[in-house]
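Please walk through this fold with me, one element at a time. Keep the model open as you read.

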Amino acid sequence: MNGVLLKARGLSKSFGALRVLHDISFDVQRGEVLGILGPNGAGKTTLFNLISGDLRNDAGELVFAGERLVGQPPYSRCKIGIGRTYQIPRPYVGMSTFENLLVAATFGGGRTEARSYALCAQILRDCELTDKANRSAGSLTLLDRKRLELARAMASSPSLLLLDEIAGGLTDEEGKALVQLIHRIRERGVTIVWIEHVLHALLAVADRIMVLNFGEKIAEGLPDDVIKNPEVRRVYMGVEA
Ligand SMILES: Nc1ncnc2c1ncn2[C@@H]1O[C@H](COP(=O)(O)OP(=O)(O)OP(=O)(O)O)[C@@H](O)[C@H]1O
């Protein structure tokens with residue numbers, strides 16, 4: 001690994017009286033895949049929203065590639081290399097698969113349309129969507145919608161990709177295809193933080209895992225160690241030591 005890409009220190013977020021994240025600190029190393037686990041409502045998506053700028057943090061600091069993120073709007077964070085997917089894919093359903101990518105490459109990635117074509121064609125190939133390039137996004141299967149969600153995030157050429165529960169709802173075979181795709185993306189040098197409940201998919205890719213519970217970090221480390229951690233087993237897997 002070649003140093004820290006994202007540094008989070010003391011992140012906190014509340015919605016009114018509901019404290020959703022409290023004093024969360026962690027580093028993401030360049031080139032790694034960091035998995036995030038935690039029960040429903042633990043604050044995982046809120047953490048992504050703070051990193052992408054969809055929400056403002058109440059306290060704490062975020063530094064990406066040496067640049068302070070706090071105060072920067074989502075589009076600026078996208079332009080400097082932070083891409084994300086959403087739990088519920090949000091394609092422009094009236095547009096084709098290719099047009100969806102083109103919008104992401106031009107508006108998100110800041111490229112001209114002419115310079116975006118080759119990139120979009122390559123991402124379509126990577127994501128096995130080439131034969132669906134002209135299909136309307138609204139007509140895609142769940143697996144292809146997830147591929148498109150990933151492809152759109154890739155079209156802004158992120159150096160950090162935030163994946164929010166991308167494997168949920170897929171069959172085993174589809175899940176394997178998605179894991180292969182995520183492997184390919186990391187081989188292109190993209191650093192990944194992946195929130196996922198489908199544990200075997202996450203374990204197939206993650207270098208390290210961080211676990212949240214009620215907005216607190218309760219574990220962080222190598223996947224094998226984290227999965228054996230008694231508190232993680234109790235909180236996340238319902239297994240009493
Ligand atoms: N905009 C909001 N306004 C009020 N409460 C919110 C908002 N967003 C999230 N919450 C609450 O914050 C808590 C954490 O939500 P979050 O979506 O971050 O959890 P999560 O760990 O991603 O859960 P899941 O695994 O179910 O997706 C939940 O209790 C949720 O209801």
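Helix α3 (residues 97-108) and helix α5 (residues 142-155) have axes that come within 7 Å and cross at roughly 30 degrees. Helices here are DSSP runs of H or I with at least four residues, strands are runs of E with at least two, and both are numbered from the N terminus. Axes are lines fitted to C-alpha atoms, for helices over the stretch in contact, and angles run from 0 to 180 degrees between N-to-C directions. The crossing angle therefore makes α3 roughly parallel to α5. The cut-offs are under 35 degrees for roughly parallel, over 145 for roughly antiparallel, 65 to 115 for roughly perpendicular, and oblique for the rest. The crossing of α3 and α5 is right-handed. A crossing is right-handed if the near helix is turned clockwise from the far one by less than a right angle, and left-handed if anticlockwise.

The model is predicted: local features need pLDDT of at least 70, side-chain atom pairs count only at pLDDT 80 or more, and totals for chains, interfaces and linings use all residues. Residues are numbered from 1 along each chain as its sequence is written.

Helix α3 also meets helix α4 (residues 113-126). Their axes come within 9 Å and cross at roughly 125 degrees. That angle makes α3 oblique to α4. This crossing, too, is a right-handed one.

Now turn to the strands. Two strands pair if DSSP finds at least two bridges between them. An open sheet of six strands runs in the order β6-β7-β8-β3-β9-β10, with mixed pairing. β6 (82-84) and β10 (216-221) stand at the edges with a single partner strand each, so one side of each has no neighbour in the sheet. Neighbouring strands of this sheet are turned against each other by 20 degrees on average, direction ignored.

Inside the sheet, β3 (residues 33-37) and β9 (residues 208-213) run parallel, joined by four bridges. Ile 36 has Met 210 of β9 as its bridge partner. β9 pairs with β10 as well, in the antiparallel sense and over five bridges. There, Val 211 is bridged to Ala 219 of β10. β9 and β10 form a hairpin with two residues between the strands, and Phe 214 takes a positive phi near 45 degrees.

Eight bridges link β1 (residues 4-15) to β2, and the two run antiparallel. One of the bridges pairs Lys 7 with Asp 27 of β2.

Which elements each supply at least two residues of the shell around the ligand? They are β2 (18-29) and α1 (44-52). The largest share, three residues, comes from α1. Among the surrounding residues are Phe 15, Leu 18, Val 20, Lys 44, Thr 45 and Thr 46. By class, the shell has four nonpolar, six polar and one charged residues. Ala, Val, Leu, Ile, Met, Phe, Trp, Tyr, Cys and Pro count as nonpolar, Asp, Glu, Lys and Arg as charged, and the others, Gly among them, as polar.

Finally, stay with α1. Seven of its nine residues are buried, so α1 is largely enclosed by the rest of the structure. Buried means 20 or more other C-beta atoms within 10 Å of the residue's own, exposed means 12 or fewer, and partly exposed lies in between, with C-beta atoms placed from the backbone. The buried residues include Lys 44, Thr 46 and Phe 48. After α1 comes Gly 53, with a positive phi near 90 degrees.

How values were computed
Near = placed C-beta within 6 Å.
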